[in-house]
Amino acid sequence: MHCALYQAGRCRSCQWLEKPYPQQLSDKQTQLTQLLDGMPVADWRPPVTSAQQGFRNKAKMVVSGSVEKPLFGMVARDGEPVDLCACPLYPASFAAVFDVLKPFIARAGLTPYNVARKRGELKFLLLTESTQGGMMLRFVLRSHSKLAQLRAALPWLQQQLPQLQVISANIQPVHMAILEGEEEMALTPEQALPERFNGVPLYIRPQSFFQTNPQVAAALYATARDWVAELPVHSMWDLFCGVGGFGLHCATPQMQLTGIEISAEAIACAQQSAQQLGLEQVSFAALDSTQFATGHTSVPQLVLVNPPRRGIGAELCAWLSRMAPDYILYSSCNPASMAQDIARLADYDISRVQLFDMFPHTAHFEVLTLLRRKGGIA
């Protein structure tokens, strides 16, 4: 992939861009193998590859410049703004949206926030696209002072960009490099962007996490569904479930499934999907996953975990070891913390491992690992 910004030394987010893609995959697989060294793996599956450009469904743009000439991108280490509108990681559809948003900022009088002077209102633009063609746009503002102007100008923007199904404003008043605040205000009647992976309806709300590489994410969910279908299980938990992607893929009319996620926004998405699918034995709740699990004295046959980068941690590992579900399906965005957790689960064998290259041109990747209790069901 060629990137003019990388070549000019203005953006180095893709640290491995100069490394040929086959070498990137090989290096990631080697790293994963080393992390699991000493833990026998019965079945290594081949890595799942990604498109090398145009794969991101989300842009997080710092807004700088002036109200007449706004600039979308990031701020370099030297303090200078860098325009990322032509970043090759974004799909071609994003450029047309950015082109319209620049004059819209002037129409709405949304002065870009100046970090040094602590002045201005518009801090970030967050744009997300569904594979179904719809888009979600979030304005991150310093205060409520420009909300009326933003609302008044919106009809013009919606006329120019009818694909913007969901629009909201987030208030982030803190003078720090924090992407968003807690307060979110809907600017459109619709506040859930429809998505669909492998025939499963999913929804993205403004403050819910969603994978940024939809093609690889769809492959990850489909793989989990296929692996679970091979197991003799009829009850499972989906911990750290997000919008329910894993659980909803694995659910069947016979499967008793409980999904747990701390984010109420994400749980609302999961519940909407489950209702649409007519799954009567599926439930989702907005709770802390570790507290939920450790508060129970019984366990389902399968526990699926998809934790943040810190992993599931010692407390949940100890509880799983004590309660001994037949299977644990572990999806990880940080293989190092996953390896630490698996080492704590000494009563489990690693049945299967597969790498998913969710983040090309970087050292990051996702892993799906199936653990089987020693002496359990064959």
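C87 is buried, with a relative accessible area of 16%; buried means under 20%, exposed over 50% and partly exposed in between, using a 1.4 Å probe and protein chains only. C87 lies in the loop between β3 (81-83) and α3. Helices (H or I, at least four residues) and strands (E, at least two) are DSSP runs, numbered from the N terminus. The model is predicted: local features need pLDDT of at least 70, side-chain atom pairs count only at pLDDT 80 or more, and totals for chains, interfaces and linings use all residues. Residues are numbered from 1 along each chain as its sequence is written, and side-chain values use heavy atoms, leaving out hydrogens and water.

**Annotated binding site**
- In an unreviewed entry, UniProt places a "binding site" at C3, C11, C14 and C87. UniProt positions follow the numbering used here, feature names are shortened, and annotations may be inferred rather than shown by experiment.
- These residues spread over 85 residues of sequence but cluster in space, with a largest C-alpha distance of 10.8 Å.
- Of these residues, C11 is included in the lining of the second largest pocket. A pocket is an open set of points on a 1 Å grid over the protein atoms alone, where a 1.4 Å probe fits, with protein on both sides within 12 Å along at least five of seven lines; lining residues have an atom within 4 Å of a point.
- C14 sits in the loop between α1 and α2 (21-35). C14 counts as buried, at 12% relative accessibility.
- Not counting residues up to four places away in sequence, C14 touches Y6, L89, H361 and T362. Contact means heavy atoms within 4.5 Å.

**Annotated active site**
- For "active site", the unreviewed UniProt entry lists C333. C333 is found in the loop between β14 and α10 (335-344).
- C333 is buried, with a relative accessible area of 18%.
- Leaving aside neighbours within four places in sequence, C333 contacts P307, P308, R309, F365 and E366.

**Strand β3**
- P81 lies in β3. P81 is partly exposed, at a relative accessible area of 32%.
- P81 and R10 are 71 residues apart along the chain, yet their C-alpha atoms are separated by 9.4 Å.
- Beyond neighbours within four places in sequence, P81 is in contact with R10, S64, L71, M74 and V75.

**Nonpolar cores**
- The largest nonpolar core has 48 residues; F98, L101, F104, L125, F139, L150 and L157 have the most contacts inside it. Such a core is a set of buried Ala, Val, Leu, Ile, Met, Phe, Trp, Tyr and Cys residues joined through side-chain atoms within 4.5 Å.
- Helix α3 gives the largest share of this core, eight residues.
- L150 touches F104, A108, L110, F139, L141, A169 and L187, not counting residues up to four places away in sequence.
- A second, separate core of 46 residues includes V48, M136, V166 and I204.

**Seven-stranded sheet**
- Seven strands form an open, mixed sheet in the order β12-β11-β10-β13-β14-β16-β15. Two strands pair if DSSP finds at least two bridges between them.
- The edge strands, β12 (282-286) and β15 (348-356), each pair on one side only.
- Strands β13 (residues 302-305) and β14 (residues 327-332) pair in the parallel sense over four bridges. V305 has Y330 in β14 as its bridge partner.
- Helix α7 (residues 264-277) packs on the sheet, touching β11 (256-261) and β12, and its direction makes about 165° with that of β12. Axes are lines fitted to C-alpha atoms, for helices over the stretch in contact, and angles run from 0 to 180 degrees between N-to-C directions.
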